[in-house]
Amino acid sequence: MDGRGQTSTTAAARYTLPPSRLSSEDILFCIDVDPESLVEMKNTSVSGRPFTRLESIKQAILLFINAKLAINPDHRFAYFALGKSPFWLKKEFSSEVDSALAAFRGITVDSSSAGHADLTHLFRVANHEAKKSRAQNRILRVILLYCRSSVAPHHQWPATQKLFTLDVIYLHDKPGPDNCPQKVYDGLVDALEQVSEYEAYIFESGQGLTRVLFRHMCLLLSHPQQRCVQDDIDIPKSLTRKLPVVDAAPADQECVPVSSQ
């Protein structure tokens, strides 16, 4: 009896995690407004008109905000746009969904952004906002939604400054002579690894499907302070058809026909 009690106590001590409080998040969305954000997705609206990447991104953000607030109504959101350089859409962090709608109304596509994507100003702003968030016992996260298939983002940022976490969703065209999505993806990975305080996620899609975008956005609901490494993510699970179980007769038994009379 004593031995079993000691074993139980040892096992309990081994697997008990110390209690900790997750900080509420200030989440800064940065939406790419390059002309490539107007590329059409494969999904269509009720009228039959295809959704653009930008329209799908707006829907995905609204999905994210409503779900995140259902988890914790203390999370707050602000909005940036990335043209030739980043700029504010809605500077005040807010828990109101209407704030997102107001920010979306201010979005215009920047035709001058072709060939240039500098994230340095975004990181400076995020660093400044992160200090204000920390003063309120909160953490800052940046979610970048990037749409350029041939323009790799660049930045100048010291590797020693990591006050926020950068997540990325990358929508791109299929590889071809005029684009290089793999090079762009590698540049985005380098950026998030250099600036992120906690485990950062990056998801990409060249399929043009809104459901894939929504799935990726749902994975970003995970709180940076309680994430596994991205390589260990095993959700969502693939749905497989479950075959009915057939009871087979034992091999040493003969099947004897039974008369219905």
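This note comments on a sheet in the structure and on one residue within it.

1. The model is predicted; local features need pLDDT of at least 70, side-chain atom pairs count only at pLDDT 80 or more, and totals for chains, interfaces and linings use all residues. Residues are numbered from 1 along each chain as its sequence is written, and side-chain values use heavy atoms, with hydrogens and water left out.

2. Six strands form an open sheet in the order E5-E4-E1-E6-E7-E8, with mixed pairing. Strands (E, at least two residues) and helices (H or I, at least four) are DSSP runs numbered from the N terminus, and two strands pair if DSSP finds at least two bridges between them. At the edges lie E5 (86-94) and E8 (202-205), each pairing on one side only. The twist averages 15° from one strand to the next.

3. Strands E6 (residues 139-146) and E7 (residues 165-171) pair in the parallel sense over 6 bridges. Leu 145 has Ile 169 of E7 as its bridge partner.

4. Asp 32 belongs to strand E1 (residues 25-32). Asp 32 counts as buried because its relative accessibility is 0%; buried means under 20% relative accessible area, exposed over 50%, partly exposed in between (1.4 Å probe, protein chains only).

5. The Asp 32 side chain reaches the backbone nitrogen of Cys 147 at 2.9 Å. Beyond its neighbours within four places in sequence, Asp 32 is in contact with several residues, including Ser 37, Leu 54 and Leu 82, where contact means heavy atoms within 4.5 Å.

Methods:
Polar contact = N/O pair within 3.5 Å; in protein donor to acceptor, adjacent residues only side chain to side chain. Axes fitted to C-alpha atoms, helices over the stretch in contact; angles between N-to-C directions.
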